[in-house]
Amino acid sequence: GKVIALSLRCIAAAAIAGALVTVVVLGNSYRGKLLCSSIEICIPDSSSLHFIGRKEVERMICEKWGDRFVGKYVTGIELGEVESALMKRSVIRKADAYFTCDGVLHIDVYQRNPVARFCPEGERPFYMDCEGRTFHISGNNGPEVITFTGNICRRAQWKDDVLELCLWMRDKGWAQRIKSIRCDSDGNLTM
């Protein structure tokens, strides 16, 4: 009885393994013949953040690769390279590129979510996101966040303290009430 049960389990496991190998081989064979049919760009947080739009992502792709994706075998397109190229833009937090079974190249772009804007005297303004990363944007299309003006300190500890303050203010509801904070030459803040 135990030998027969063990034999049946081994046969079942071998059948499942064989089926999986067949699916993988057929899938790779199909994928090797699949052509990229189109590109779809999605920016899930575009309604609240306006740092980058679909047209700009399309332009970035065209500048780097031209029209070489559509009509090309999907196995010849390096998805990691597409993601890395897009993430070189400081406003992009994450990019995911993947194909669906119909050959559509999907590119999902996630933007940085700023918690503060810094306007140092005589310098270009920049933002800081909730992870403490700073980034510049072009134009005036940023969201309303607390703006720090004056003598902006560049020390890491000061930046960490300001980030902690901004996150606390956001969580407590103060970020909507306070629009600007002035920094003096000693790093002190005045609301």
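Asp96 and Lys94 pair up through their side chains in a salt bridge, 3.6 Å from N to O; the term covers a side-chain nitrogen of Lys or Arg within 4 Å of a carboxyl oxygen of Asp or Glu. By that rule the count comes to 10 salt bridges. This is a predicted model, where local features need pLDDT of at least 70 and side-chain atom pairs count only at pLDDT 80 or more, while totals for chains, interfaces and linings use all residues. Residues are numbered from 1 along each chain as its sequence is written, and side-chain values use heavy atoms, with hydrogens and water left out.

**Salt bridges and their surroundings**

- Asp96 is partly exposed at 23% relative accessible area, and Lys94 is partly exposed too, at 38% (buried is under 20%, exposed over 50%, partly exposed in between, with a 1.4 Å probe and protein chains only).
- Glu131 and Arg112 form another side-chain salt bridge, at 3.7 Å from N to O.
- Glu131 sits in the loop between β5 (126–129) and β6 (134–135), and Arg112 in the loop between β3 (104–111) and β4 (114–120), so this pair ties together parts 19 residues apart in sequence.
- Glu131 counts as exposed at 53% relative accessibility, whereas Arg112 counts as buried at 5%.
- Glu144 and Lys179 meet in a salt bridge as well, 3.4 Å from N to O.
- That pair links distant parts of the chain, 35 residues apart: Glu144 is in the loop between β6 and β7 (146–150), and Lys179 in the loop between α4 (156–172) and β8 (180–183).
- Glu144 is exposed at 71%, and Lys179 is partly exposed at 46%.
- Glu56, Arg59, Glu63 and Arg89 are joined up in a salt-bridge network.

**How α2 and α3 pack**

- Helix α2 (residues 54–65) packs with helix α3 (residues 79–87) at about 120°, their axes 11 Å apart; helices are DSSP runs of H or I with at least four residues, strands are E runs of at least two, and both are numbered from the N terminus.
- Axes here are lines fitted to C-alpha atoms, for helices over the stretch in contact, and angles between N-to-C directions run from 0 to 180 degrees.
- The two helices, α2 and α3, are therefore oblique to each other (under 35 degrees is roughly parallel, over 145 roughly antiparallel, 65 to 115 roughly perpendicular, and the rest oblique).
- On the α2 side, Val57, Met60, Lys64 and Trp65 meet Glu81, Val82, Ala85 and Leu86 of α3, with contact meaning heavy atoms within 4.5 Å.
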